[in-house]
Amino acid sequence: MARPYTGLRHDGILYMGQVLQALDPTVLAGDLFFAHGSQDRYSIFSGLMAPLAQHFSWAGIQFFWLLVAQIASYWAIYALLRPSLGQDLRIWLGLLFVAGLSHAYAGRQIFSFAEDFLTARTLAEPLSLWALVALLKGRLVAAAFLIVAATAVHPLMSLPVASVGAVYLMERERRWCWLLALPLIPAGLAWADVAPFGLLLKAYDASWWRLIVEVNEALTQRWEWVDWQRLVLDASVLWFGARRLPTQLARLCQATLLAASLLMLMAAIGADILQNQLLTQLQLWRVLWLVRILVLACLPSLLIGLWFESDLRRRLTARALVVLFMATLLVVEVRAEEGWVLLMVSAAGLFAWHKGLTLRPVLAYWVGLGSVLCIVMVCAGMFWNSLLPWPMGYLYQPDLPLWFDFLRLPAVLLSLPLLIWWGWQRGGWQRISSAAFFACMVLVCLPHWDRRSEWTRLLETGALQRTHPFQAWIAPGQSVYWHEQLAPTWLLLGRPSYYEKAQGAGLLFNEGTARAFGPRWDAWQPVRKHVQSCWMGAALSRSDSTLCLTPPLVLVQQLCSTQAELRYMVFDQPLHSAQGRMPALAMWNPQLPSFPDKRFYLYDCQQLA
């Protein structure tokens, strides 16, 4: 229920494009994303997937590796918790929290761990987690091997885990302090101007940095106010876990908190202040993916420890703090501005309780009651929001049943497995009832797990087949602008894309990409503003947002007249002028079952300018 399968989207499209490029470099050679080199040169991902793509569909490849990576990741989390917690309910609650709560980390929720689409991160995460498992077991050779393997797949995801492991070793035994000298190696390589370490001595120029700030939403200066809520919440949990959890897990929390603090400080200073090329490209804030996993996995143990506080005089205060913290967690999950108030109260309460302070019984009751009301209000608001009509276009999955929306509320989602566990532990008829209820839940929810839209299925099955009606009009290698979409241009047409924002993902790493992408980014500003205002209006009015996928004719004509290399454009709706409908060069009906009348229109800029 919490982690549906949505198929090819987001960065999965970019990685799929890299696989296509590895199979045939001539097909997308003129595309902005590949023309000046991409960060794929630092990963073996495409080399691993390209041979598979020659024999299997991308839908099958993506499904298989996602399933393997998900199982490996949850198994690794279990292996991290078991030595400290044993075969205890707290382990299963930790896995439940990891599965059921948000995986988003960093700013604007654009990245998350255990994503539901295939990228190099998908494979690097379980390898990194198992490296930590080996480290905690004292198997240093295995840990080193796994972290090297993770680095070969995605070095930006493994570097933070290696940093946490180094801090953990130095905290456990002082003889490992020689690891502090390791930064001298990249410093020496930078002095010798060995790529890419030579970038450590270089800063971005003003024009390049301007594009990075505008296009790359991952910089900490682009984070919104509510994004810092989760960072403070996670830091509070790690701090409390370092003092309350069993020794080994407490050391890991402490090492993660210290390493994350140092890396976040380096990211803020090196990228946002000094604009250093290497420190910006390393994206050191990615340590938060590991922070998020550890927080969710350890939080149930901390809350259970508070709830069953042995000191009767402190138990009431501890239970009030548990309910308060759960309310804070849910408010932060929905990114409400009011979360800061609860967050500060919760952090102060945990610190005061750790120092031995307790609340008066009456005050503790009021804190608990207020927190329960807050939980009820948050869940009611989420449920009410899900009831509001939202016409879904062809890009989106079909609407969920009403009961499914109710089951996906965080409070319900986390409570159902607890109810099943409680009945199973009671034995007798309650165990039979729990087993039957569990079986019914599985049978009811499995049909709703695959949440791919019909359009996504078409993109996945159409990839590499190179059969499309528009190909008769567009010569091989000719760039196409498919409005607000990148995947169909690459996967269905087999043509380079003239412009899409996702193509700017590499400008952080390649100056050539930035120089080529910048003029097109500026030229599309009016179109982007139109789309943003249209999407905002659709969100407020709950209307079909796919209507925003066709800009006004005047903006299209402006692009055709200013972009000399732009020839072909594809839109979801026909273009209209004052005289009526503009004639399209070609039209295509993809025969989507739920949208049988859906058509795409190909236009020639020479006829529109």
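**Exercise 1.** Is D572 buried or exposed? Work it out, then look at its partner.

*Solution.* This is a predicted model, so let's read it as one. Start with D572: its relative accessibility is 1%. Buried means under 20% relative accessible area, so D572 counts as buried. Next, find the partner: D572 makes a salt bridge with K598, and their closest N and O atoms are 3.6 Å apart. Now place the two on the chain. D572 sits in the loop between strand 4 (568–571) and strand 5 (576–577), while K598 is in the loop between strand 7 (586–588) and strand 8 (600–604), 26 residues apart. Last, check K598: with a relative accessible area of 10%, K598 is buried too.

**Exercise 2.** Which residue forms a salt bridge with R335, and where do the two sit?

*Solution.* The partner is E224, with 2.7 Å between the closest N and O atoms. R335 lies in the loop between helix 15 (312–333) and helix 16 (339–354), and E224 in the loop between helix 10 (206–215) and helix 11 (227–244). That puts them 111 residues apart.

**Exercise 3.** Which parts does the pair R292 and D234 tie together?

*Solution.* First, the contact: their side chains meet in a salt bridge at 3.1 Å, N to O. R292 belongs to helix 14 (residues 288–307) and D234 to helix 11, so the pair joins parts 58 residues apart in sequence. Both R292 and D234 are buried. Finally, widen the view: R230, D234, R292 and E333 are linked in a network of salt bridges. The structure holds 21 salt bridges.

Note on methods. Residues are numbered from 1 along each chain as its sequence is written. This is a predicted model: local features need pLDDT of at least 70, side-chain atom pairs count only at pLDDT 80 or more; totals for chains, interfaces and linings use all residues. Side-chain values use heavy atoms; hydrogens and water are left out. A salt bridge is a side-chain nitrogen of Lys or Arg within 4 Å of a carboxyl oxygen of Asp or Glu. Helices (H or I, at least four residues) and strands (E, at least two) are DSSP runs, numbered from the N terminus. Buried means under 20% relative accessible area, exposed over 50%, partly exposed in between (1.4 Å probe, protein chains only).
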